[in-house]
Amino acid sequence: MTVVFYIAAAIALASTAAVVFTGSPVRALRWLALSLLASAVLAYAVAAPLVAAVALALHLAAMVLAYRLPDGWAMVARERRWRVPRTWVVPGVLVTLVLIELIYVLGVNVGAGSLRATVSAAALGTALAGPYAVTAVLALLLAVTALIAGLHLVRRVPGRDAGDG
Amino acid sequence: MAEVPLVHGLLLTTGLFALGLLIVLVRRNIAFLLMGLVAMFNAAGLALVLGTARWGGADGQVLFFVTLIVAVALAAVGAALALRMLRQRGSLDAAALVGRRR
């Protein structure tokens, strides 16, 4: 677990640093995705299984969505060179490393090692439904509201947006 | 197996947060600002998880859950605003919003 922690930490730091120095937003998003995945694996290694799984799923969904935005990233990118294999090598290797770590962590008894306490999914669920019920509901309401607001914002207005996009 | 000291975890989260802040400060592209904000949220959540792992209890993980959802809300609204800006102004330059040219 200790090794998993340090490798994931190094990958997270390196890929976040890569976001700073990358020119294209598409490439930067890829680095950011790698950083988020690495930190989710890290959370998994440090005995937060349920939360880490939720984070993994959410980040993956968000990244897929970000790449699928109708015209956004295609226009932002304006570059075709990012399909060149060379630019995929380093992120590819690091992603493979993270994947191996994830499989390893999933196989090993969760939270054995590293920091001490493991919080079970049941305990977290009880906390979310019991003392923190209002917090959880408010957070989810916030998420739904934000999604609705986002949908309204990206909707095309016929008169104003004619001819672009 | 030897344990990971909490200090190392906190150093890592500090580093991640600093890098996110650096992204926000250095880049002018709104897409990068969003990514920096998400990175900062992620670092803060990681600190919460580390605290949970050190002292037990589900409270920190509940907070991480909330952090995660707030980050998602931020990313959704931010991306939508960025897309709207891209459509109306044709650029994602944050400085252009306040009237500075190049």
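Chain A and chain B bury about 5200 Å² between them in this predicted model. Carbon and sulfur atoms make up 76% of that area. Why quote an area at all? The accessible area lost when parts come together is often used to give the size of an interface.

**The interface**

On the chain A side, 66 residues are in contact with chain B. On the chain B side, 54 residues are in contact with chain A. How many salt bridges does the rule find across this interface? It finds 0 between chain A and chain B. Polar contacts do occur, and the count is 7 residue pairs, with both partners at pLDDT 80 or more.

Which helices of chain A supply at least two residues each to the side that touches chain B? They are α1 (2-21), α2 (25-45), α3 (49-68), α4 (72-77), α6 (121-129) and α7 (133-154). The residues on that side of chain A divide into 47 nonpolar, 12 polar and 7 charged.

**Chain A as a whole**

Chain A has 7 helices and 0 strands. Read from the N terminus, its elements run α-α-α-α-α-α-α. The chain has 165 residues, and 45% of them count as buried. Now take the contacts in chain A with a separation of 6 or more. Of these, 73% join residues 24 or more positions apart.

**The nonpolar core**

Nonpolar side chains tend to be buried together in soluble globular proteins. Here the largest nonpolar core holds 69 residues. Which members touch the most other members? They are Val19(A), Leu32(A), Leu42(A), Val98(A) and Met35(B). Helix α2(A) gives the largest share of this core, 15 residues.

Leaving out residues up to four places away in sequence, Val98(A) touches Ile11(A), Leu34(A), Leu37(A), Ala38(A) and Val41(A).

**Two arginines of chain B**

Arg27(B) and Arg84(B) each have a side chain that reaches a backbone oxygen of chain A. The table sets them side by side.

| Residue | Relative accessible area | Backbone oxygen reached | Distance |
|---|---|---|---|
| Arg27(B) | 18% | Val20(A) | 2.7 Å |
| Arg84(B) | 9% | Arg155(A) | 2.5 Å |

Where is Arg27(B) found? It sits in the loop between α1 (6-26) and α2 (30-55) of chain B. Arg84(B) is in helix α3 of chain B, residues 59-89.

Is Arg27(B) buried or exposed? Its relative accessible area is 18%, under the 20% cut-off, so Arg27(B) is buried. Arg84(B) has 9%, so it is buried by the same rule.

Arg27(B) has neighbours in both chains.

**A tyrosine of chain A**

Tyr6(A) lies in helix α1 of chain A. Why does Tyr6(A) count as partly exposed? Its relative accessibility is 34%, which falls between the cut-offs of 20% and 50%, so that label applies.

Which residues of chain B does Tyr6(A) touch? They are Val4(B), Pro5(B) and His8(B). Another tyrosine, Tyr44(A), is 38 residues away along the chain. The C-alpha atoms of Tyr6(A) and Tyr44(A) are separated by 13 Å.

Methods. Residues numbered from 1 in each chain as written. Chains lettered and ligands numbered in written order. Predicted model: local features only at pLDDT ≥ 70, side-chain atom pairs only at ≥ 80, totals over all residues. Heavy atoms only, no water. Contact = heavy atoms within 4.5 Å. Buried area = accessible area lost by both parts, 1.4 Å probe. Salt bridge = Lys/Arg side-chain N within 4 Å of Asp/Glu carboxyl O. Polar contact = N/O pair within 3.5 Å; in protein donor to acceptor, adjacent residues only side chain to side chain. Helix = DSSP H or I, 4+ residues; strand = E, 2+ residues; numbered from the N terminus. Nonpolar A, V, L, I, M, F, W, Y, C, P; charged D, E, K, R; others polar. Core = buried A, V, L, I, M, F, W, Y, C linked by side-chain atoms within 4.5 Å. Buried < 20%, exposed > 50% of the residue type's maximum accessible area, 1.4 Å probe, protein only.
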